[in-house]
Amino acid sequence: FVLRSFSQRTLRLAYLVAVMVLLGYRYNIQFSIYHVAVWLRAEFLVPSWRLPFLLTVVMPLTVMLLGNWYCGYLCPFGALQEIVGEIWQRKTPWRLDKNRWRYARHIKFALLFILAAAYGMTRDSAILSSDILTTWFTSPRNLFVSVIGGVALASAIVFPRFWCRTICPAGAFLALLGSIRPLKRILPHLHPARCDQGVRTTTELDCLVCDRCRMPQISTRQARLFPRRIHPVFFTLAIGCAVAVCSASLDTVIGSKSIRTPASSGKLPQTSGKPRDIDINRFRQLIRNGVLSDKEALFYRK
């Protein structure tokens, strides 16, 4: 909130570096599709000052009141994308036609619907493991996260915040919540005409509340529109990433069935016999994807 009162480009970049290092690489505090699943299940945590409750419940509620400030100020992967994009934009400022962003932004809402519907039908958390936000800042990453995350960051050099604007299902969920904004009259006034992230009006869902449109160093920067031949490349990247995320989600669910035990026949299991074989590599992959944990629980339910 202090930064919103002092909209300076240099100060924002320094803040984004701190968010990326501390919330990302140091602590891996990241709102993702897993937190959206908590809302879909309507199984909220016990009110407390602990991080899970603050991130899963309190933060989305404040997004409802103040707009999608999380994506603009607290998302580590979003901060990384904006930093990468600033390197290119400082040398050669280019901008994608806002009408193209208008069509491309529907991809992330479609992806959110597909993942939410699939999770609602299966209740299998493995279907959520394709969201790169959960494991990008962990080590080691699996191949899928490395490739899709690398494509997103490379695209952010030319198309600012490529993942946030077109692919991110968690960001789409927060955008829906942020459209409520009952306190918008007392919030800092935004200038969509100066927005370099594709927002055209103050009522659009996609405003990241990054306040870049209020920064004189950015709003007065002269930029050229990309030629039309670049537009197919942009849509190909966006649709390709979305299809890859959907495919990885379905493949993960299908693959996870190999570690499920058969349904009980009603008889007590024998105390002797050959042990079942398990796919230990699959367990390790689920741990890397954040579906399972190799850490001891902080508290236990009786």
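This is a predicted model: local features need pLDDT of at least 70, side-chain atom pairs count only at pLDDT 80 or more; totals for chains, interfaces and linings use all residues.
Local features are described where pLDDT is at least 70 and side-chain atom pairs where it is 80 or more, whereas totals for chains, interfaces and linings use all residues. Residues are numbered from 1 along each chain as its sequence is written, and side-chain values rest on heavy atoms, with hydrogens and water left out.

Helices here are DSSP runs (H or I, at least four residues) numbered from the N terminus, and axes are lines fitted to C-alpha atoms over the stretch in contact, with angles from 0 to 180 degrees between N-to-C directions. On the H3 side, His35, Val38 and Trp39 meet Leu55, Thr56, Val57, Pro60, Leu61 and Met64 of H4, where contact means heavy atoms within 4.5 Å.

The largest nonpolar core has 71 residues. Such a core is a set of buried Ala, Val, Leu, Ile, Met, Phe, Trp, Tyr and Cys residues joined through side-chain atoms within 4.5 Å, and buried means under 20% relative accessible area (1.4 Å probe, protein chains only). Phe31, Tyr70, Phe77, Trp163, Ile167 and Leu174 touch the most other members, while helix H8 (residues 106-122) gives the most to this core, with 7 residues. Leaving aside residues up to four places away in sequence, Ile167 touches Ile107, Lys108, Leu111, Phe162, Ala238, Cys241 and Ala242.

Glutamine 81 belongs to helix H6 (residues 76-91) and, at 0% relative accessibility, counts as buried. Its contacts beyond four places in sequence are Ala152, Leu153, Ala156, Arg161, Phe162, Trp163 and Cys164. Alanine 152 is 71 residues from glutamine 81 in sequence, yet their C-alpha atoms are 8.1 Å apart.

Finally, the count of disulfides (pairs of cysteine sulfur atoms within 2.5 Å) comes to 0. For cysteine 71, the nearest cysteine sulfur is that of cysteine 75, 5.9 Å away; cysteine 71 is buried, with a relative accessible area of 8%. For cysteine 207, the nearest is that of cysteine 210, at 6.6 Å, and cysteine 207 is also buried, at 16%.

Key. Helices (H or I, at least four residues) and strands (E, at least two) are DSSP runs, numbered from the N terminus. Buried means under 20% relative accessible area, exposed over 50%, partly exposed in between (1.4 Å probe, protein chains only).
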